[in-house]
Amino acid sequence: MSSTEMQGDAAVMVDAEEMRRARQRKMEKTGKWLLPILIMCVAIFMWDRICVWNEIPRYILPRPGEVLATLIEDRGLLFSSLVNTLKITFLSLALAVAGGVGLSVLFTQSKWVEMSFFPFAVVLQVTPIVAIFPLINIYVDNQTTKLLLCAWIVAFFPILSNTTLGLNSVDRNLLDLFKLNGATRWQTLWHLRLPASMPYFLGGLKIAGGLALIGAVVAEFVAGASGQSSGLASRIIEAGYRLNAPRLFAALILISFTGIVIFLVLTFISNRILRRWHESALTQEH
Amino acid sequence: MQTADKAKTDGPQLILRSVGKVFGNDVVALRDVDMTINQGDFLSLLGPSGCGKSTALRLIAGLSSPTSGVLDWRGPAMGKADIGFVFQEPTLMPWASVFDNVWLPLRLQGVSRAEAKTQVEDVLAQVNLSGFENAVPRELSGGMKMRVSIARGLVTRPRVLLMDEPFAALDEITRFQLNSDLLALWERERFTVIFVTHSVFESVFLSNRIVVMAAHPGRVFGEMEVDAPYPRDETFRTSEDYAHLTRKASSLLRSAMGIEGEGGDDHVLH
């Protein structure tokens, strides 16, 4: 069977190589979802088996079923803690967006401001939050404010640095066009710089979302909060002291689940906003 | 309605008097440029890379100021809306629709979407892009993007349209089509066009006057009238006149570049 024979047959005839490629694409598409789920199930099953085979006591490593049972049993306590952690996370993320975007806009308005203040932002970023916390603990009384401040410090830098980069990555010719048409500084910012920096900002936001959660949890760990406003970190510490491993695992699972959801939501938002124009959000057909 | 059969112009609109531009790194981009641009001219600035033709265009646009000399505008004072600029790249805002891209110059002057609607739709019709208002740039071909860019340059009904090698990145078929369409538009509206190009063929096909520039330092080397009637269509491209004028422009360009010999035999310069 020669290749010319195949080509001459029908207009829509696809050769073997293309068919193989199409099959591969289809498999990859399903595999992308199926494989992680499959591996996860296997891992959970092995976890359960290892507990049984080695007769590991539940206060060291609980079986998955027990963790699930605790998650349902303690749902009132765990979910109110989750809500507290989420509150800190989203508030600090919102403040990080406001602060990060606000500062980067300020930076692009004047090179002098950027030169003067950017180093401070870097210092704030590279100093481990755990090391700064004792200071915050001394200066700030309010527990929520403490946690917010910590989470904010961790989360705002990626937004600041990404948005600053984005605001400065504007097509020179478009800037000329705005100048030619007598655009004001405000118009250039609003109609050109901000939209142009959108992909960069959203990239920073995705990182900041995860960091805000990490900040909220770490801050609570160091603060050692308890009582009304305590979040999931307190539940973990508490459960650790009481050797209540199932609850510890339950809280841990809730935290990582929250992180995944935050990431997925931010990715979804980013794709919605960019899908019509930015390379990063293009679907495969294009 | 003006007659389009002969490229008649209505007196000087802009006179450049010994204009010079020296950049900060002591590069002399332009030296002693004298040039007269008439109302309704389709003037091509033709020259090799580094001859300062783009710099001249930026000076005329007011995007940078001359180191020496003056730009003497005649007639009514030039406002922001009186100059349209078309870049080498389409230079569209990728996040904005075709409508929003074309609307931009009006929007910056405070014209609302509703007020701008007819004007934007008219100018899109002029560049044969009706029905594409809601498309975003990446859904368009290279030629269509350039049409959007031209529409944006024309939406304020400028008196002068500055074009900086607008078709250089397009394939030949698309370029020819856009050349014809641009000419038709110009014959209808009779705005002044200053067209930077390094293509002899393009400059001869389009313009009524060609200013040839030389490099190092950038300067005006010579000037020629393109003595062929409008409207010019595709038959003009294969005519004896066109061949003759192209040879003439080509040899002028060769002299400007310091290349010896007859310019007419082979047009190595595209």
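This is a predicted model: local features need pLDDT of at least 70, side-chain atom pairs count only at pLDDT 80 or more; totals for chains, interfaces and linings use all residues.
At what angle do the axes of helix H3 (residues 64–73) of chain A and H11(A) cross, and within what distance do they come?

**Figure 1. Helix H3 of chain A crosses helix H11 of chain A.**
The axes of H3(A), which covers residues 64–73, and of H11(A) come within 8 Å and cross at roughly 75°. Since angles from 65 to 115 degrees count as roughly perpendicular, H3(A) is therefore described as roughly perpendicular to H11(A). On the side of H3(A), the residues that take part are A:Glu66, A:Val67, A:Thr70 and A:Leu71, and they meet A:Pro246, A:Arg247, A:Phe249, A:Ala250 and A:Ile253 in H11(A). Sorted by class, the residues of this contact between H3(A) and H11(A) comprise six nonpolar, one polar and two charged.

**Figure 2. Helix H4 of chain A packs against helix H11 of chain A.**
Helix H4 of chain A runs over residues 75–109, and H4(A) and H11(A) pack at an angle of about 40°, with their axes 11 Å apart. The crossing that H4(A) and H11(A) make is right-handed. From H4(A) the contact draws on A:Leu78, A:Leu82 and A:Leu86, while from H11(A) it draws on A:Ala250, A:Ala251, A:Leu254 and A:Thr258. By class, the contact of H4(A) with H11(A) holds six nonpolar residues and one polar residue, and no charged residues.

**Figure 3. A:Leu243 sits in the loop between helix H10 and helix H11 of chain A.**
The loop that holds A:Leu243 lies between H10(A), residues 232–241, and H11(A), residues 245–274. At A:Leu243 the phi angle is near 55°, which is a positive value in a residue other than glycine.

**Figure 4. Chain A is built from eleven helices and zero strands.**
Read along the sequence, the pattern of chain A is α-α-α-α-α-α-α-α-α-α-α. The domain assignment of chain A gives domain 1, residues 3–53, and domain 2, residues 64–281, and the C-alpha centres of domain 1 and domain 2 of chain A lie 36 Å apart. Along its principal axes, the C-alpha trace of chain A spans about 75 × 65 × 30 Å. The radius of gyration of chain A is 26 Å, whereas a compact globule of 286 residues would have a value near 19 Å.

**Figure 5. Chain A and chain B touch each other.**
On one side of this contact there are 16 residues of chain A, and on the other there are 15 residues of chain B. The elements of chain A that give two or more residues to the side touching chain B are helix H8 (172–180) and helix H9 (185–223), and H8(A) gives the most, with seven residues. By class, the side of chain A that touches chain B is made up of eight nonpolar, four polar and four charged residues.

**Figure 6. Helices H2 and H3 of chain B cross each other.**
The axes of helix H2 (residues 98–108) of chain B and helix H3 (residues 113–126) of chain B come within 9 Å, and they cross at roughly 120°. That angle makes H2(B) oblique to H3(B), and H2(B) passes H3(B) in a right-handed crossing. H2(B) contributes B:Phe99, B:Val102, B:Trp103, B:Leu106 and B:Arg107 to the contact, and H3(B) contributes B:Arg113, B:Ala116, B:Gln119, B:Val120, B:Val123 and B:Leu124. By class, the contact of H2(B) with H3(B) has eight nonpolar residues, one polar residue and two charged residues.

**Figure 7. Chain B contains eight helices and nine strands.**
The radius of gyration of chain B is 18 Å, close to the 18 Å that the globule rule gives for 270 residues, so chain B is as compact as a globular protein of that length. Taken along the principal axes, the C-alpha atoms of chain B fill a box of roughly 55 × 45 × 35 Å.

Technical notes:
Residues are numbered from 1 along each chain as its sequence is written. Chains are lettered from A and ligands numbered from 1 in the order in which they are written. Axes are lines fitted to C-alpha atoms, for helices over the stretch in contact, and angles run from 0 to 180 degrees between N-to-C directions. Helices (H or I, at least four residues) and strands (E, at least two) are DSSP runs, numbered from the N terminus. Angles under 35 degrees count as roughly parallel, over 145 as roughly antiparallel, 65 to 115 as roughly perpendicular and the rest as oblique. A crossing is left-handed if the near helix is turned anticlockwise from the far one by less than a right angle, and right-handed if clockwise. Two residues are in contact if their C-beta atoms, placed from the backbone, lie within 7 Å. Ala, Val, Leu, Ile, Met, Phe, Trp, Tyr, Cys and Pro count as nonpolar, Asp, Glu, Lys and Arg as charged, and the others, Gly among them, as polar. Domain bounds come from an automatic or database domain assignment. The radius of gyration is taken over C-alpha atoms; the globule rule is 2.2 Å times the number of residues to the power 0.38.
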